[in-house]
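Let's take a walk through this structure together. Have the sequence and the 3D view ready, and we'll stop at a couple of places.

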Amino acid sequence: MTELSKTGAAVGEPVSSPSDAPKAFLEVRDLKVHFPTDDGLVKSVDGLTFSVEKGKTLCVVGESGSGKSVTSLAIMGLHRLGARGKNVQMSGEIWLGGKELVNADPDEVRKLRGREMAMIFQDPLSAMHPYYTIGNQIVEAYRTHHKVSKKVARTRAIEMLDRVGIPEPGKRVDSYPHEFSGGMRQRAMIAMALVNNPELLIADEPTTALDVTVQAQILDLIRDLQKEFGSAVVLITHDLGVVAEIADDVLVMYGGRCVERGSADRVFERPQHPYTWGLLGSMPRIDRETSERLIPVKGQPPSLINVPSGCAFHPRCPYADLPKGNVTRTVRPELQLVDSGHYTACHLSQEDRTRIWTEEIAPKL
Amino acid sequence: MISYILRRTAAAAILLLVVSAVTFAIFFLLPRLAGQTADQLAQQYIGKSPTKADIIAVKHNLGLDQPVYVQYWHFIKGIVSGATYDLGPTTVHCDAPCFGYSFKTHQAVWPQLTSRLPITLSLAAGAAVLWLVSGVAIGVISALKPRSFFDRTFMGVALAGVSLPMFFTGNLALLLFTYKWPIFGRTYVPFMENPAQWANTLFPAWCSLALLYSAIYARLTRSGMLETMNEDFIRTARAKGLRERKVVVRHGLRAALTPIITVFGMDLGLLLGGAVITESVFSLHGVGEYAVDGITDNDLPQILGVTLLAAFFVVIANLLVDMLYAAADPRVRLS
Amino acid sequence: MSENNKKDGAGAVIPQQAAAPAHRAKSSESSEVLLRVQGLQKHFPIRKGVLQRQVGAVKAVDGIDFEVRKGETLGVVGESGCGKSTMGRVITRLQDPTGGTIEFEGRDITRLSASKMRPMRRDIQMIFQDPYGSLNPRHTIGSIVSAPFRLQNVEPEGGVKKEVQRLLELVGLSPEHYNRYPHEFSGGQRQRIGIARALALKPKLVVADEPVSALDVSIQAQVVNLMDDLQSELGLTYVIIAHDLSVVRHVSDRIAVMYLGKIVELADRTSLYEAPMHPYTKALMSAVPVPDPKRRGAKSERILLRGDVPSPIAPPSGCRFHTRCWKATQVCKTTEPPLIELRPGQRVACHHPENAPDQAPQDVVLLSAAREAVELVSGVESAEVSGTAPAELAAEDEAAATEEAATEAPAKAEAATEEAPVEEAAATEETGTASDSAGAEADRQESTDK
């Protein structure tokens, strides 16, 4: 029994040995996605590892150019398609329900797309084809994976529209996307994504283009539907408020790498990485009077072609000189366990991190 | 929608009126501004060595001594109710719609136009089908594999196609396929008489014309497709798990082709007004040739007739294009 | 600041200001008014038919009053389509108002011609949302920032180039950037360039339309801090238009909340955020997610507004929010509530405000939208003293349904009776997803109007 509990303690450590059978429903291991361009190699994702269980929500947080969107496209196998994808270099593993996708036949991945994994996008107006009705687009999504008549598929489409809270679905099914309001469009988009009961839903900034009141509706809807369908959700966002609202686990990305990962409660309670602190300090909050200044992160996000050596965050990190020697500039920090299931990639010692957070950062937030 | 069509039709009618007035004014006023008198103008209508009395009679009968707006009014009236021209010794009647009477060729303009139109129509329609199909196909394939061998080759050929003048490609085609290896016929045969022969004769002309246009269309399609394939809705279509072919045709091409409708409509309209060079190169007796004849002979009624016909086709093509566009793109509301 | 005062004292300013005594009384308690807007309207005509007659109008801004005091920051919030951006473009006279007056430093600028407006442009500047679209890619930074000097024929002390370089330094860029092009800069830096351009002529009023919403979070904070510093350094007055309520709370002294072309609440920051009076303000603020997972469980704090904002072409009668409001009664549908000061420094346009005495206490019959929402927010209601008790509401429910069916317009009556039984059922069981009749109605209107 004692031995068992010992091995049990290992659960949640970074999954590193490549050929292990996956434990979680979605497991990404050491994923690298590089795009060769005329200016150099764009390392959009550079060694990313995470997992999501069914019924759980992982929020991937990061700024533009952190690689969060490419990660989601890579899981879907969409990064290969399109103009930029021709020469993409990709390594690592993506396990979805026991199937490995990185080295799988592209047509096999295509068959999974839309059926086992589906995706919703930031701007539902541009993400829907302007020339086809909402119904047609949902019918198409359904009939791609189900051999049914158009009539059956249409009934299914109406049912889904009803399920996502579109009034008079029987009538609205024949509307065009531009005839819907922003919130309705995102609902329709969700209906389209969920029409095949996918087990993984990836949402790339699903509420960024929406008003707050509509955002609240959509987040509620995603949460309800997840409860109903039990699917795993990967939600990509830059808004820590949304993360706090919906996430079970959080993954903070910076420069194509993961800098912090853990349960939402822990990451918000005791954030470990200076970049996470920076994000929290940059955000004005609606629930408090902040007469003082915001604490921005200095400088600009890194270029993915010339990711800074060592820790990618070191040029912007106020604590980069704290660790001895030149370690922050030369050595790339590995993810290390802080607490159960909570990891960070930072050269600061745990004592320093705890001290800085409790003494310097937290009081100012 | 109906209100839109009504409004557009009214606008088209007004536009045609303006075009006719401007053309009329140019051809009636310009000679006068250049110093020609009504006498000299009248002289053109009679032939060799006219007497002074003849000139005065013609001038009066044709209304050349009247102000230009009165003359224009007579012209418009002729379209509606026909006109009679008194040339002294002879009187010519021109039935409605009378778009003028050529005193040089002694023929009314309208019957000439109607008899020549089928030839121009045959030329334009055949070429249009050819260039649309080949241009779009080449454009799509190039767009899907940008910077590939195919793309570079065809874009090179396209560039050549655009830059080579019609009288070069046309004459080359004639030389090779009609004279050196006489595969194709030389004289135009109406479609109703013998469709095979009709196509056979027109084929070299179609190809020459299509080479020019398909080059433009291939480039248009290519850039349109490149842009469309980067759209978010294409990513959505792929995320559904559609096969790439379906993504390209159903989602990409559909959106990329719509703007091409506009260009196509305009091009076709222009061509129907007379493919001047093509018709002269291939000795087709179409509207274009009629226009050239009119210009070389300084025959005003002839030029005026062709100009109005061309304007008519362009305006109609424009209207059709707008309506087609609305049918293709539900976001466009005609109001 | 002293320069401004001198100018104000000199001109024929005083009589005009005296013409508006009602507002004068209030503004005297703090500093003087820089910009005063009264009854401002901006309608965009909709034309139809063969003769293109005007058949209606998008009432983007439909009668708003406010003033901006010297040195303060007025935040303007609202959802997309509420008219806040149009308002910004109208008060800077980038667009002409349909009605109402705009006074800047006591001078009526509402109908000034373009040439007369030109000198005023020095004092009123605008910062735009999109740092990509608002900078001409073919011009160097130097030429972009110095454009205001050229347009106004101003020769700054020490020459244009020196002044531009000083401005670039002021906004945290390097003077060496003078000869670079916009594409060489990141979004945050471009926004700094836009700010430098706006500040070139030392304006008194800067209207910023979503100045940070296109930027990354960490960069947002940089720009917010910069604007803050510039305000205290240069004594600027800001009107900041934004949809992000957190940002607005951070930057503003006073805040105007807009809904469908109207200001529904105008109050100082603390009053508005601590004790909002308009139900819409309250709902809007409760919808903002807070970066604290512990508060996630507190769903009772959240008021989930259903449906979408109705179309500004045919805004609802009476109070425009009544189609989505959980407190709406008959009077809300018939009478438009005036924007009145219910507490010092807090003006509200509502018949049944929160955190304040009811303005129409006799009117208790809830409208259908309110009855639909009541179940959702009953947690909030019972927790508050001012709210109507849920039990009372339930009792009223039945009567309301029948009464409403009778009072509704004939066309709508059918819908109302249809809805009634469903709503009664909904009072006892979970309604599930939003069957937002209001939103659907608005949508229908929208699509038919197009």
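Start with chain C, where 30 residues of domain 1 are in contact with 27 residues of domain 2. Keep in mind as you look that this is a predicted model.

Now look at the side of domain 1 of chain C that touches domain 2 of chain C. Three elements of chain C each supply at least two residues to it: β2 (53–69), β10 (262–268) and α12 (279–286). Which of them gives the most? That's β10(C), with seven residues. If you sort this side of domain 1 of chain C by class, you get 16 nonpolar, seven polar and seven charged residues.

Next, hop over to chain B and look for a pair of helices. Helix α12 of chain B spans residues 287–297, and helix α13 of chain B spans residues 300–328. The two pack at an angle of about 145 degrees, and their axes are 8 Å apart. As for the handedness, α12(B) passes α13(B) in a left-handed crossing.

So who meets whom here? From α12(B) come B:Val287, B:Tyr290, B:Ala291, B:Asp293, B:Gly294 and B:Ile295. Facing them in α13(B) are B:Gln302, B:Ile303, B:Val306 and B:Leu309. Taken by class, this contact of α12(B) with α13(B) has seven nonpolar, two polar and one charged residues.

Definitions and conventions
Residues numbered from 1 in each chain as written. Chains lettered and ligands numbered in written order. Predicted model: local features only at pLDDT ≥ 70, side-chain atom pairs only at ≥ 80, totals over all residues. Axes fitted to C-alpha atoms, helices over the stretch in contact; angles between N-to-C directions. Helix = DSSP H or I, 4+ residues; strand = E, 2+ residues; numbered from the N terminus. Left-handed = near helix turned anticlockwise from the far one by under 90°. Contact = placed C-beta atoms within 7 Å. Nonpolar A, V, L, I, M, F, W, Y, C, P; charged D, E, K, R; others polar.
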